[in-house]
Amino acid sequence: MYTWNFGKSTELCSPYTCEASVLRWHLVLSRNTLTAEINDSEGHPSSSRQSLKGTSEWATSLENLLEDPEGVKRFREFLKKEFSEENVLFWLACEEFKKTQGKKQMREKAKEIYMTFLSNKASSQVNVEGQSRLNETILETPHPLMFQKLQDQIFNLMKYDSYSRFLKSDIFLNHKKSEEQEENSSEAQTAAKRASRIYNT
């Protein structure tokens, strides 16, 4: 899939392969969201289904936002409009990487993350300090926290920059309004049923 020359620090990544890597991360994240939705339907509510006030949780911290599949979906939608969706994709890819079992699979995913987000020729390159100092040889001896410092940089970039704008965006405010309308409708239906029971007794 990739051509590596560690002695000469050369990496080859055609636009097709880089774009394919980005698409793969989109599919992985979409599958995780779908799994959460399936769990909802089976009676195991995710954080976004436990309460109609999901946006209230999102507004408390970026951590809470990223723990909610619906929150991630809306945040990605916002970042895409700002042409910086690669930031959250990289952060999520690093989270997935930490769960990887087996050295072979870990090496493959480490190379994919590098070529997709960190290589000079990456189609979705993230802007982090020290990425040029990342020695490619480390990809041959991967460990779960090998991208932690870079992931933390991206998290702080989102936290102190795009996250605050997201909370003021139409995407967030419209979703919050929709939640409030749904909550009001639910409360009205509950009150009507209660009144009906009282009337019929």
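Where is Ser 169 found? I looked this up in the model, which is a predicted one, and I saw that Ser 169 sits in the loop that runs between helix 8 (148–166) and helix 9 (170–200).

Ser 169 has a relative accessibility of 10%, and because buried means under 20%, Ser 169 counts as buried.

Helix 6 covers residues 85–98, which gives 14 residues, and from its first C-alpha to its last it reaches 21 Å, close to the 20 Å expected at 1.5 Å a residue. I also looked up its cover, and I found that helix 6 is mostly covered, with 11 of its 14 residues buried. Among them are Trp 91, Phe 90 and Phe 97, and I also wrote down Glu 85, Asn 87 and Glu 96 as buried residues of this helix.

Last, I went back to the chain as a whole. Buried residues make up 40% of the 201 residues in the chain, while its accessible surface comes to about 12100 Å², 50% of which belongs to carbon and sulfur atoms. For contacts between residues at least 6 apart in sequence, I recorded that 69% join residues at least 24 apart.

How values were computed: Residues numbered from 1 in each chain as written. Predicted model: local features only at pLDDT ≥ 70, side-chain atom pairs only at ≥ 80, totals over all residues. Heavy atoms only, no water. Buried < 20%, exposed > 50% of the residue type's maximum accessible area, 1.4 Å probe, protein only. Contact = heavy atoms within 4.5 Å. Areas by Shrake-Rupley, 256 points an atom, 1.4 Å probe, with all protein chains shown as cover. Helix = DSSP H or I, 4+ residues; strand = E, 2+ residues; numbered from the N terminus. Expected span 1.5 Å × (residues − 1).
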